[in-house]
Amino acid sequence: MLRHAIAPVRRYTKASHDVVRHSRLNSDAKILLLYVQGLPKVADPKPLSEHAGRLGLKGRAYQKAKQLLTECGYLHEWREQGARGRWVTEQLLANVTLTREEAAGAREGEVPVSAPPSERPPTVGGPGERPVGGSPPKEELEEKNLPHPPPEDDTPPPDLAEAEGVLLSLRYVNRDLLLGVREARLLADAAAEWLRRGVTAADLRRALTTGLPADGIRSAVGFLRHRLLQKLPVAKAPTPAPQPERPATPPRRNFVTCPGPGDEHVFRPRGEETHCLRCRTAAAYEATLQQWVQGISPGGTHPSSA
C-alpha cells in the first residue's frame, strides 16, 4: 500500500492513535469524537445529539455511537435539577478515557490523571486553559429538559461494587486490561465470588495482572473471564456450630439378686436399695395391713375414732 500524507498547517484536529485505532469504537463514534474535539472554543455549546445531526448521525446510528463512547470511557453524563426545578443533562466528551472520578474532576476544572504531563497547566503565572478531556465553555448544555427526575439506579451490593472497582482499576496496571463500565459489570459477579471466599481486593488485582501473555491480550473481557473462573480459589469450609454439652449420664449399675421371697430374681438398683421394687412394695403393703389388723391406723389413731 502506498501512502501520501501532507501535515496540515491550519484547520486540523490532533487525533490520538488510541482513538483512531481503537478496536471497539466504530467509525461513527470516532468521527463524532474528533468532530467535537475540533470545534473552536468560542463555538456555542450544544448537546451531542445536535453535533451528531450535522454529521448525519441520527436514530440508531447516533445511539450506537453514543453507547460505545460511554462504555469506553470517552463520554460521561450527569443529570441534575437546575435552579428552577428543571432537570437537565450535562455532558463531557474527552479524547482520552476517563474514569467516573476523573471525569468529575475534569468537570470541576481539575486535570485528569489520564492527561499527558505536557498539557498540564503551568505551576506559576496566570490561569491556564482547560486540559484535554475538559469541556466547552459551558460543558455541553442541556440535551433535553425532563419533566420528572430520572430513575435512580439500584445500588449494587458492597461485594459487587468492590469487585467492579477492582476490574475498572486494572487499566492502570496494563492498558490491555481496559474495560468499559458495562463490561466490568458483566464480570463483577465472578470477581465478587473471590471476595466472598476471603480474597482481598489487592490479592484479586494481583491474580488478574500477574503472568500476562507476552504477545498482548486481544480481548480483555474474554481473558479476565477465563482467569476468574479457572483460578477461582477453593471455598473455605464452613465452621461447624458448637454443640451444647450434654450432662454426663451416670454409669448403669450391674444386676444384683433380690433376697426377697419367691423365685430367684434379679434387679438393677438405682441407689443403695437391697430389694427390688416389687418386693419393697409388697413388704410395705404387709406392714400396713398388720397395723390395721392390730387396730392401729397408719396415722397412729384407732379406726373407731376416725
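**Entry 1: a surface patch**

Accessible areas come from the Shrake-Rupley method with a 1.4 Å probe, and for residues only the protein chains shown count as cover. I noted that the model is predicted, so local features need pLDDT of at least 70 and side-chain atom pairs count only at pLDDT 80 or more, while totals for chains, interfaces and linings use all residues. Residues are numbered from 1 along each chain as its sequence is written, and side-chain values use heavy atoms, with hydrogens and water left out.

I found Y285 in helix α10, residues 277–293. Helices (H or I, at least four residues) and strands (E, at least two) are DSSP runs, numbered from the N terminus. Y285 is exposed, with a relative accessible area of 56%; the classes are buried under 20%, exposed over 50% and partly exposed in between. An α-helix has 3.6 residues a turn, so residues three or four places apart point the same way.

I then checked the span of α10: its 17 residues reach 24 Å from first C-alpha to last, close to the 24 Å expected at 1.5 Å a residue. The expected span is 1.5 Å times one less than the number of residues. Just after α10, G295 takes a positive phi of about 85 degrees.

**Entry 2: the whole protein**

I recorded ten helices and four strands. Buried residues make up 29% of the 306 residues. The protein exposes about 21,600 Å², of which carbon and sulfur atoms supply 54%.

**Entry 3: cysteines**

How many disulfides does the structure hold? I found zero, taking a disulfide as a pair of cysteine sulfur atoms within 2.5 Å. The sulfur of C258 has its closest cysteine sulfur in C279, 3.6 Å away, which is too far for a bond. C279 is likewise in no disulfide, and its nearest cysteine sulfur, that of C276, is 3.4 Å away. C258 is buried at 4% relative accessibility, and C279 is buried at 10%.

**Entry 4: salt bridges**

I listed ten salt bridges, each a side-chain nitrogen of Lys or Arg within 4 Å of a carboxyl oxygen of Asp or Glu.

Where do E183 and R24 lie? E183 is in helix α7 (residues 181–196) and R24 in the loop between α1 (17–20) and α2 (27–37), so the pair, 159 residues apart, links distant parts of the chain. Their closest N and O atoms are 3.2 Å apart. E183 is buried at 14%, whereas R24 is partly exposed at 27%.

R185 forms a salt bridge with E164 at 3.4 Å between the closest N and O atoms. R185 lies in helix α7 and E164 in helix α6, so this pair ties together parts 21 residues apart in sequence. R185 is exposed at 53%, and E164 is buried at 14%.

R206 and D203 meet at 2.6 Å, N to O; both lie in helix α8 (residues 201–209), three residues apart, about one turn of the helix.

**Entry 5: D159**

Finally, I noted that salt bridges link D159, D189, E193, R196 and R197 in a network. D159 lies in helix α6, residues 158–169, and is partly exposed at 21%. Its C-alpha is 8.4 Å from that of E193, 34 residues apart along the chain.

Definitions and conventions: Buried means under 20% relative accessible area, exposed over 50%, partly exposed in between (1.4 Å probe, protein chains only).
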